[in-house]
Amino acid sequence: MPIPSSDHPSVPLSPSDVPPLSTLAPEPSDPGARVLASAVAGLRAELVAFRRDLHAHPELGRTEERTTRVVAERLRAAGLTPHVLPGSGLWCDVGPTVAASGARLVALRADLDGLPVPDTCGLPWSSTHRGVAHACGHDVHTTAVLGAGLALARLADEGLLTTGVRLVFQPAEEVQPGGSIDVINAGGLDGVAQIFSVHCDPKLDVGLVGTRIGPITSASDEVTVTLTGPGGHTSRPHLTGDVVFALGQVVTQVPAVLGRRLDPRSGVNLTWGAVRAGTVHNAIPSTGTVMGTLRCLDVRAWERASAVFEQAVHDVVHPLGVEVEVKHQRGVPPVENGAESTGVLEAAARDVLGPESVHLTEQSLGGEDFAWYLTKVPGAMARLGTRTPGGHTFDIHQGDLRVDERAVEAGAVLLARAAQLAGRRAAVPASS
């Protein structure tokens with residue numbers, strides 16, 4: 001199958017500059033893992049080129065039409081039948097069907113969308129779409145799941161895959177409350193017993209993975225407070241409802257109230273990202289807005305936080321004579337990795353990336369809509385190392401993000417091996 005032609009003339013489509021994963025990981029000792037690693041290694045050059053092509057053409061959530069198309073075309077070329085969602089996104093089954101095997105499917109999930117930030121990585125395959133970049137590594141996630149699926153399809157053709165695998169390429173992970181809900185509502189988890197994913201971690205060296213049982217991310221909501229009043233001259237604040245002063249009280253006091261009303265062990269964090277009010281020095285405006293994110297490490301605190309937050313805003317501004325409108329966009333719950341599923345990911349990593357490849361990772365305050373899948377079926381997410389050993393530590397959601405492209409092969413073989421191991425247990429529903 002030829003690599004997709006790129007609309008970016010400077011994208012190298014023969015990535016001979018990327019060394020193989022074997023420079024980092026020993027050859028697997030398990031025969032099944034060895035066959036799988038060989039299949040993924042045979043796709044290495046194509047996968048790196050595919051990832052570069054995706055990086056050059058990022059698309060925002062629910063507009064990932066080109067990305068959906070090139071993934072679907074590659075799957076069809078492998079003899080598979082992708083199921084394309086309305087708008088964008090798809091899933092595709094590999095190997096025995098549920099009915100034929102009597103087993104339930106193991107799912108591997110990727111996210112397709114980029115972020116509305118300028119690409120400043122300075123590489124030949126930088127974004128061709130102004131103001132949009134794959135700054136969270138979703139191009140790596142997508143290519144890793146594609147590579148895992150192509151390798152597993154090869155094993156299926158040879159009669160070496162005993163349980164079906166569903167490849168899920170979802171839209172809009174960066175859009176609250178997340179494109180995973182689109183997949184679930186469209187039946188994408190029907191017949192699935194267990195689901196796995198990876199997320200790029202530029203603080204972790206390539207060839208390593210970070211795992212954790214229990215919550216690995218945070219709940220993440222968007223909050224907006226709009227205050228209104230009659231406005232007036234700054235020389236007569238007593239005749240107005242001073243929305244600027246009131247906004248200041250919301251910004252400083254509401255986070256403190258949450259810290260006293262919710263269990264401090266729940267990691268509640270309210271951080272403001274924008275404050276807007278007024279245009280001149282000597283006029284009190286009639287309206288003002290503050291926007292931010294409300295994050296919780298604990299799902300029980302998340303369930304209470306909305307009511308506590310709204311009451312705190314009203315209580316803080318009540319003496320100040322302004323009207324209040326609170327908008328709370330519920331986002332995603334924490335990703336809570338199941339113990340058994342995390343064990344599968346760890347065993348897979350040790351099999352194909354080496355016995356020292358697994359590291360305990362911390363719980364992040366970032367949100368991830370993979371959490372919605374885990375409210376339906378057991379599963380786990382691992383952090384995938386993307387830093388070149390001894391190299392610069394980048395950060396996600398920044399336009400200068402660079403990844404060590406050996407992570408593409410590492411992610412593909414890790415997920416493929418996890419599906420292989422989980423499939424051995426999929427004849428009955430997995431437990432978390």
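Q: Great, let's start with a cysteine: is Cys121 buried or exposed?
A: Cys121 counts as buried, at 3% relative accessibility. Buried means under 20% relative accessible area, exposed means over 50%, and partly exposed is in between, using a 1.4 Å probe and protein chains only.

Q: What should I know about the model itself before we go on?
A: It is a predicted model, where local features need pLDDT of at least 70, side-chain atom pairs count only at pLDDT 80 or more, and totals for chains, interfaces and linings use all residues. Residues are numbered from 1 along each chain as its sequence is written, and side-chain values use heavy atoms, leaving out hydrogens and water.

Q: Back to Cys121. Which cysteine sulfur is closest to its own?
A: That is the sulfur of Cys200, 14 Å away, which is too far for a bond.

Q: And how many disulfides are there?
A: The count is zero disulfides, a disulfide being a pair of cysteine sulfur atoms within 2.5 Å.

Q: OK, new topic. How many helices and strands does the chain have?
A: There are 11 helices and 16 strands. Both are DSSP runs numbered from the N terminus: helices are H or I with at least four residues, strands are E with at least two.

Q: How much of the chain is buried?
A: Of the 432 residues, 54% count as buried.

Q: Which residues touch the most others in the largest nonpolar core?
A: Those are Leu75, Leu108, Leu152, Phe169 and Phe196, in a core of 67 residues. A nonpolar core here is a set of buried Ala, Val, Leu, Ile, Met, Phe, Trp, Tyr and Cys residues joined through side-chain atoms within 4.5 Å. Helix 11 (residues 406-423) gives the largest share of this core, 12 residues. Apart from it there is another core of 47 residues, with Ala312, Val313, Ala371 and Met381 among them.

Q: Say more about helix 11: how many of its residues are buried?
A: 18 of the 18, so helix 11 is largely enclosed by the rest of the structure.

Q: And what is Leu152 in contact with?
A: Leaving aside neighbours within four places in sequence, Leu152 is in contact with Leu36, Val94, Leu108, Leu161, Val165, Ala416 and Ala419. Contact means heavy atoms within 4.5 Å.

Q: Let's jump to helix 3. What do its buried residues pack against?
A: They pack against helix 2 (44-56), strand 1, strand 2 (90-94), helix 5 (138-157) and strand 4 (165-170). The buried residues include Arg66, Val70, Val71, Arg74 and Leu75. Just after helix 3, Gly79 takes a positive phi of about 85°.

Q: Is Thr81 buried or exposed?
A: Thr81 is exposed, with a relative accessible area of 65%. Thr81 lies in the loop between helix 3 (65-77) and strand 1 (83-84). Thr81 is also 11 residues from Cys92 in sequence and 6.2 Å from it in space, C-alpha to C-alpha. Cys92, by contrast, is buried, with a relative accessible area of 0%.

Q: Where is Arg166 found?
A: Arg166 is in strand 4 and is buried, with a relative accessible area of 7%. Not counting residues up to four places away in sequence, Arg166 touches residues including Trp91, Cys92, Asp93, Gly188 and Asp190.
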